[in-house]
Amino acid sequence: ALAAADRPLERAAALAVDARARRTVAVACAYLAGDADRALLLARDHLADDPADLLVAHVAALLEGELP
């Protein structure tokens, strides 16, 4: 089995202690899994509550084609 360091998103999910962190991990997981529709939906929902989350905003911008 892989060590936790080899599965950073699983480790992040396990360490996410609040809703904001769990939503950020969910966006990252969906994006990296190639599920663009789900990632964008999750990102928009998250940004409605936390518009200052730059990581999620960046992922949303990538998915909406606003970044190269």
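Student: To start with, is the crossing of H3 and H4 left-handed or right-handed?

Tutor: The crossing of H3 and H4 is left-handed; a crossing gets that label if the near helix is turned anticlockwise from the far one by less than a right angle, and right-handed if clockwise. Before the details, some ground rules. This is a predicted model, where local features need pLDDT of at least 70, side-chain atom pairs count only at pLDDT 80 or more, and totals for chains, interfaces and linings use all residues. Residues are numbered from 1 along each chain as its sequence is written, and side-chain values use heavy atoms, with hydrogens and water left out.

Here's the setting. The protein chain has four helices and zero strands, where helices (H or I, at least four residues) and strands (E, at least two) are DSSP runs numbered from the N terminus. Mean pLDDT, the predictor's confidence in each residue from 0 to 100, is 89 for the protein chain, and 88% of its residues reach 70 or more. Among the elements, helix H3 (residues 36-49) has the highest mean, 96, while H1 has the lowest, 87.

Back to your pair. The axes of H3 and helix H4 (residues 54-63) come within 9 Å and cross at roughly 135°; axes here are lines fitted to C-alpha atoms, for helices over the stretch in contact, and angles run from 0 to 180 degrees between N-to-C directions. That makes H3 oblique to H4: angles under 35 degrees count as roughly parallel, over 145 as roughly antiparallel, 65 to 115 as roughly perpendicular and the rest as oblique. On the H3 side, Ala36, Ala39, Leu40, Ala43, His46 and Leu47 make the contact, and they meet Val56, Ala57, Ala60 and Leu63 of H4 (contact means heavy atoms within 4.5 Å). By class, this contact has nine nonpolar residues, one polar and no charged. For the classes, Ala, Val, Leu, Ile, Met, Phe, Trp, Tyr, Cys and Pro count as nonpolar, Asp, Glu, Lys and Arg as charged, and the others, Gly among them, as polar.

H3 also packs against H2, at an angle of about 155° with the axes 8 Å apart. H2 and H3 are therefore roughly antiparallel to each other, and their crossing is left-handed too. From H2 come Arg20, Arg23, Thr24, Ala26, Val27, Ala30 and Tyr31, and from H3 come Arg38, Ala39, Leu42, Ala43, His46 and Asp49. Ala39, Ala43 and His46 turn up in the contact with H4 and in the one with H2.

One more H3 residue is Asp45. Asp45 is partly exposed, with a relative accessible area of 46%; buried means under 20%, exposed over 50%, and partly exposed in between (1.4 Å probe, protein chains only).

Last pair: the axes of helix H1 (residues 8-15) and helix H2 (residues 19-32) come within 10 Å, crossing at roughly 160°. That makes H1 roughly antiparallel to H2, and this crossing is left-handed. Leu9, Ala12 and Ala13 of H1 touch Val25, Ala28, Cys29 and Leu32 of H2, a set of seven nonpolar residues with no polar and no charged ones.
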